[in-house]
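Welcome! Take a moment to look over the model before reading on.

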Amino acid sequence: EAEGRVIGTLLGRRDGDRVEVTNCFAVPHAERGDEVAIGKDFNKQMLGLHLRANRKEVVVGWYSSATSSMPLIADTSSLIHDFYAAETDDGDPIHLVVDTRLQQDKLSLRAFRSTPVLVQGEPLANLFHEVRLSLQSNEPEAICLDHMIQNAKTTTTTTTTTEEEEPTNGDPANNSSSDRDNNSASFDGSAAALQESMKKLLGLLETTSNYVDQVVEGSTSTTPPDPVIGRKIADTLGCVPRIRPEVFDRLFHDSLQDLLMVTYLSNITKTQVTIAEKLNASLGV
């Protein structure tokens, strides 16, 4: 906690000069001047646990945070980099810097590779140079991020509305009513997020359908055909299972009913627990 920055191990895959980072975990360390102490045993244990869950992942580098009192590449980064060079298979780890200084009101990421500086044939230090970095998310991650953003907007609206309401003066009945309103707002927010996702999906389908129609009709002046887009559309359609519309509707509505039932039961449980806590508090139990 007293350290100026956080470091950790990066896990992923290597494909030639391309490195894909898929996982990470923090590693305790201590920096005192020009000396660095790294929790090697902790790193070994955590790596073993991660490999039990995913054997295809390997150590590809390390990450660190950057603070206002420390540059992106600190003087002790070469020592940490040498440690991770021994942990990687090819001895060429990637150094990912998470800029937490928020100088531009955003959390930026920068990736570096190192080249050893030789003096009379002996390595003296590491020269870090930046490499190209891109962030990609798969379909489940994109759905989760979109839901989190929509939920954050809904929570902000609900909080603002609650603050404008009159206080309940500690009345359990009023508090229970407020809890029910909050649960109802949460349910309405989930339904609104589902509706928004369906609207986006419908819009994407309409855009794709219009593009295919224009290409088939030969409207190349406004929509030139692109074989890359065509292959992506074909791959997407190949992933869709062939199922009759009435069967799909039944499966969708059954799953939706199950989700609504689970949400309803969880809200009832929360309400019962809240009422029991307030009764115990009022009776002095």
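Here are a few questions and answers about this predicted model.

Q: Which strands stand at the edges of the open sheet?
A: Six strands make up this open sheet, in the order 2-1-5-6-7-8 and with mixed pairing.

Q: How many bridges join strand 7 to strand 8?
A: Strand 7 covers residues 108–119, and the two strands run antiparallel. One of the pairs brings Phe 112 together with Glu 130 of strand 8. The number of bridges joining the two strands is nine.

Q: Which element gives the largest share of the largest nonpolar core?
A: This core has 11 residues, including Phe 25, Trp 62 and Phe 83. Strand 1, strand 2, strand 5 and helix 2 each give two or more residues to the core. The largest share, three residues, comes from helix 2.

Q: What angle does the direction of helix 2 make with that of strand 5?
A: Helix 2 packs on the sheet and touches several strands, among them strand 1, strand 6 and strand 8. Its direction and that of strand 5 make an angle of about 165 degrees.

Q: Which residue caps the N-terminal end of helix 5?
A: Helix 5 spans residues 227–239, and one of its 13 residues is buried. At its N-terminal end, a side-chain oxygen lies 3.0 Å from the backbone nitrogen of Val 228. That oxygen belongs to the capping residue, Asp 226.

Key. Residues numbered from 1 in each chain as written. Predicted model: local features only at pLDDT ≥ 70, side-chain atom pairs only at ≥ 80, totals over all residues. Heavy atoms only, no water. Helix = DSSP H or I, 4+ residues; strand = E, 2+ residues; numbered from the N terminus. Expected span 1.5 Å × (residues − 1). Buried < 20%, exposed > 50% of the residue type's maximum accessible area, 1.4 Å probe, protein only. Polar contact = N/O pair within 3.5 Å; in protein donor to acceptor, adjacent residues only side chain to side chain. Core = buried A, V, L, I, M, F, W, Y, C linked by side-chain atoms within 4.5 Å. Pairing = 2+ DSSP bridges. Contact = heavy atoms within 4.5 Å. Axes fitted to C-alpha atoms, helices over the stretch in contact; angles between N-to-C directions.
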